[in-house]
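Let's take a walk through this one together, a stop at a time.

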Amino acid sequence: MRVRPFAALLGAALALAAVERSAAARPPRAAPAADAPRAIPLPADAIKRLQSGDPAQVKSALDDVRTSARAGAPAVPAVVKLLQQGMSLPLTQAAIDTLGDTENEGASEALAWYARHRNGGLRRAAVQALARTRGPAAVRALRLALSDPDPGVRGLAATGLGNMKAKDAVGDLFVALDHKIAEAAASIGQLCAGNECDRLAGKLGSVPFDVVTSGLDEVLFRPASDVSDDLKVKIVGRVRELGTGEANRFLREVQTKWPKTWSQRVKQAIDQAVLATSGSPGSSTAEPPPGGAGGGR
Amino acid sequence: MKRARMLGAALAATAALVACGGGQTKLDLFSTNWTDDGGVSIGHVWQRVGSAPIAPSADVVIGVAGHTDKLIGLPLGGGSKWTFAHPLDARPAVAGSVVVASGGGEVLALDAKTGSVLWRRPTGGLPLLGAGDDGTVTVVTFRRAGNTGSVLLAVGHDGQVVRQIETDKPLGAPAVLAGLAFVPWAGQYVSVIDLANGDETARVTLRQQTSRAWTEGGSLWFGQVGFVRFDDRIRQASQNKATALSVPMRELPGTPKLMPSGSAPLPAVANAEDKTRIYARPEGTDAGAALADGRWYATYFRLAMGFGAGKGKLAWVHSHGADFLGGDAAAGGVVLCDEQGKVTELDAKTGGVLSEADLGEPVEACVVNVDGEHLHGTPADAKPLADQLASAVLADDPQLVEAQKLLLRELSSLEDETATKTLVDLASDPRTSPDLLVVARKALAARRNGASYMEAALERHYDYLHDVLRPPPVGPIAQALGAMKERGAASLLAAHLLDPADTDDDVKDAAAALAVVAGPDQLPTLRQFFAMYRATAADDDIAAAVVSVGQALLALEDETGRAVVAAAAKDPATVDYARERLEALLASQPAPSPGNASESGAKKNDKKNRK
């Protein structure tokens with residue numbers, strides 16, 4: 001079997017992206033329900049410890065802010081100030097991670113500095129944190145990070161832009177996809193509109209199948225208010241036209257996951273596509289489509 | 001048994017040579033018991049033939065084509081191209097008006113203008129060493145099988161063997177003048193053989209390596225590593241007082257030779273030594289001898305270079321489309337023949353192309369002989385030396401790297417902004433070889449002009465999405481701009497401080513330059529860099545950059561800057577390398593007392609920036 005390096009890299013990249021997406025897909029925090037864990041309040045002396053100048057106290061305070069997550073917002077200016085004054089590498093890393101956990105836009109400018117640090121680990125941490133603190137500064141930094149010399153940073157930036165719903169970055173993400181930043185496909189799938197989604201589908205055949213479908217999967221499972229049924233049917237048709245085993249496997253997965261309450265028209269298109277590709281080389285025709293109604297029944 | 005067979009073959013070869021009669025000589029020629037006669041005998045020869053006119057030899061290019069079984073002749077200055085099919089076992093030679101070639105068990109002479117056969121003789125497979133011709137008789141030397149000596153054969157244009165001499169001495173390429181064969185041998189002697197009787201009538205000892213004799217420009221010359229003229233001073237040759245001429249010593253890529261040894265057959269197919277050669281044309285003068293046009297030439301694969309005769313200063317470089325295989329210096333320039341069979345005449349003064357001709361097909365080897373032809377005309381593409389050097393050093397051809405390194409040094413010595421641009425381009429190009437890159441960066445750092453080209457380069461940054469995968473040469477540019485105190489470049493340099501794709505030493509140099517040229521506009525970037533790296537610098541380069549930036553902050557912000565730097569100098573988290581130097585920096589620049597602040601470098605920079 002011929003090993004394709006890009007495909008191998010792609011697997012790892014997609015796995016990473018999937019983790020990111022699943023994290024991002026978590027429902028936003030709402031007001032705590034009666035049975036939900038309560039947010040841990042920021043200790044009263046946390047900010048004082050952050051300003052102490054003592055590395056041990058600073059570290060313990062950062063840990064506390066991190067534990068408080070969004071509730072640690074009052075400490076964000078102090079942490080930002082620490083980053084703007086400079087700290088040792090471990091404390092810098094901890095501060096970046098902490099700011100990410102606060103998901104506070106006020107941290108984005110300082111994090112953007114470190115998204116350009118010479119230390120690749122700090123850059124990756126900063127890019128991940130920026131994807132959570134959001135805001136225009138974060139979008140600017142992540143778009144710039146798509147051109148980073150480190151492929152890890154580029155991939156995280158692409159994923160982050162999708163999670164941040166940075167629709168203005170779709171053009172950059174297409175360029176990134178053309179430059180083998182596989183994570184860009186899923187983000188495009190999260191952000192694309194009309195022709196852009198069609199353009200992504202048009203990558204089938206020129207970009208590895210798994211990469212493109214990581215984006216098409218996102219498009220298909222966006223709500224109808226965001227992506228029309230017409231477009232979804234068109235995308236299903238594009239995949240169906242490939243007539244390959246991998247197309248059949250992808251369509252079967254979509255068929256399995258398709259919510260029962262969602263468009264029956266799209267579901268019918270998926271069912272027919274599964275049937276039409278079931279005889280393709282490499283498709284698992286021996287098994288009936290799991291959970292699918294099967295257009296031919 | 002094998003040895004016996006080889007000897008038998010050699011004898012057979014000798015027998016074949018003499019098969020058709022002619023004067024045979026087996027005298028005590030080329031004896032090493034000879035005592036230097038102080039130039040008496042060669043003086044007599046000079047008196048005898050010195051005033052004899054020497055006709056120019058043929059101006060012709062001979063290509064070896066096919067599977068070394070085809071000769072293509074291209075007369076220069078008029079005449080039709082000719083071809084002659086014959087196997088070759090050595091490189092052909094042009095002598096007088098004939099082309100001599102060996103192969104297929106015979107030696108033959110062709111009319112250089114028409115390619116028609118003048119004579120042919122069997123050789124038994126001995127390869128040609130060299131040939132001379134005076135219009136009546138052709139003298140050819142061969143190396144005997146097993147490198148056991150040499151054979152000299154003199155054949156009249158009517159095909160009759162005039163003389164045949166065998167010797168165990170290594171003979172070189174001979175010349176003929178007025179019935180006398182001038183035969184170099186043993187690397188230091190030229191024996192004069194009277195072809196009428198076969199006697200060695202004279203001998204001269206030369207004080208430089210000599211294996212070739214030839215006529216050129218109306219004179220007879222001996223040499224290999226240089227030129228010795230046969231004139232009235234030849235009698236003093238053994239005292240090293242003959243008219244001698246050499247090409248100035250200078251660094252050249254590939255250590256090319258002026259002439260290959262005449263004592264070993266040249267292979268029919270050209271090799272690397274043919275591609276890296278020196279060409280020069282000696283001319284007799286009233287004072288003795290000089291190089292024609294005050295020039296000599298060198299080739300290195302597909303580059304040709306012209307040098308001044310005096311100190312060997314580079315005058316021009318010609319970048320060609322194919323490797324040169326052969327050539328000859330002429331009056332007015334040099335004629336070169338390439339592996340594609342193209343013949344190019346280059347102007348001595350500028351290196352511009354004077355004319356081009358074509359042998360019609362690729363060649364395996366090429367022999368060029370120019371004597372009477374004077375190259376003239378207006379060069380078609382003469383460019384300034386800086387532009388020629390730029391073309392040569394930017395050529396994407398790995399085999400040229402050695403020459404490019406040398407040419408790069410030549411380029412660096414030019415006070416021309418184009419040279420700076422070329423260095424910037426070369427140091428920015430991802431295809432530039434690592435060896436060349438080192439030289440280019442060093443040269444760029446030493447430039448003191450062309451700031452606009454450097455600033456244009458600094459505008460580029462590594463950009464994966466837009467396929468800019470090599471950052472500009474920030475370090476060398478920073479060194480140059482810092483030395484030139486180019487304050488207009490400060491913002492560009494500052495942007496590179498924060499670029500993670502730049503190398504550590506590039507960042508160090510950018511910071512050092514900013515310590516000189518930064519102004520208030522750069523303060524935000526300087527503060528950011530200082531904060532980001534004072535405690536996270538991974539190595540001494542970045543720590544040194546922190547110190548330089550600290551220096552700039554001190555210079556630009558009397559109080560705030562000092563407070564920031566002082567705090568860093570006290571903070572144990574600041575990396576040791578930077579902390580120690582920041583402390584020293586603060587100590588060397590005491591805080592100005594209020595109301596008595598002297599004008600610091602910062603303020604000077606500030607004023608200049610405001611201007």
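In which loop of chain B is B:Asp293 found? Look between β23 (288-291) and β24 (295-300) of chain B, and you'll find B:Asp293 in the loop that links them. Bear in mind that this is a predicted model. What makes B:Asp293 worth a stop is its backbone: phi is positive, about 65°, although the residue is not a glycine. Is B:Asp293 buried or exposed? It has 22 C-beta neighbours inside 10 Å, and the cut-off for buried is 20 or more, so B:Asp293 counts as buried.

Chain B has another residue of this kind to look at. B:Phe30 is not a glycine either, and its phi is near 55°, a positive value. You'll find B:Phe30 in the loop between β1 (23-25) and α2 (40-49) of chain B. B:Phe30 is buried too, with 23 other C-beta atoms within 10 Å.

Now for some helix packing, staying in chain B. Find helix α7 (residues 434-445) and helix α9 (residues 474-484): their axes are 7 Å apart and the angle between them is about 15°. Angles under 35 degrees count as roughly parallel, so that is the label for α7(B) and α9(B). Their crossing is right-handed. On the α7(B) side, the contact is made by B:Arg441, B:Leu444 and B:Ala445, while α9(B) brings B:Pro476, B:Ile477, B:Gln479 and B:Ala480. Sorted by class, that contact has five nonpolar residues, one polar and one charged.

Helix α15 (residues 245-257) of chain A and helix α16 (residues 264-277) of chain A have axes that come within 9 Å and cross at roughly 150°. Anything over 145 degrees counts as roughly antiparallel, and α15(A) and α16(A) are therefore described that way. The crossing of α15(A) past α16(A) is left-handed. From α15(A), the contact uses A:Ala247, A:Asn248, A:Leu251, A:Arg252, A:Val254 and A:Gln255; from α16(A) come A:Ile270, A:Asp271, A:Ala273, A:Val274 and A:Thr277. Six residues in this contact are nonpolar, three are polar and two are charged.

While you're in chain A, check helix α11 (residues 183-191). It is mostly covered, with nine of its nine residues buried. Among those buried residues are A:Glu183, A:Ser187 and A:Gln190, along with A:Ile188 and A:Leu191.

Next, the inside. In soluble globular proteins, nonpolar side chains tend to be buried together. Here the largest nonpolar core has 274 residues, and those with the most contacts inside it are A:Val79, A:Leu111, A:Leu130, B:Val100, B:Leu493 and B:Leu514. Helix α13 (residues 540-556) of chain B gives the most to this core, with twelve residues. For a close-up, pick B:Val100: leaving aside its neighbours within four places in sequence, its contacts include B:Pro92, B:Ala93, B:Val107, B:Leu128 and B:Val140, as well as B:Thr138.

Last stop: where the chains meet. Here 16 residues of chain B are in contact with 23 residues of chain A. On the chain B side, helix α12 (residues 523-533) gives the largest share, three residues. By class, that side of chain B has twelve nonpolar residues, two polar and two charged.

Note on methods. Residues numbered from 1 in each chain as written. Chains lettered and ligands numbered in written order. Predicted model: local features only at pLDDT ≥ 70, side-chain atom pairs only at ≥ 80, totals over all residues. Contact = placed C-beta atoms within 7 Å. Helix = DSSP H or I, 4+ residues; strand = E, 2+ residues; numbered from the N terminus. Nonpolar A, V, L, I, M, F, W, Y, C, P; charged D, E, K, R; others polar. Axes fitted to C-alpha atoms, helices over the stretch in contact; angles between N-to-C directions. Parallel < 35°, antiparallel > 145°, perpendicular 65-115°, else oblique. Left-handed = near helix turned anticlockwise from the far one by under 90°. Core = buried A, V, L, I, M, F, W, Y, C linked by C-beta atoms within 7 Å. Buried ≥ 20, exposed ≤ 12 C-beta atoms within 10 Å, placed from the backbone.
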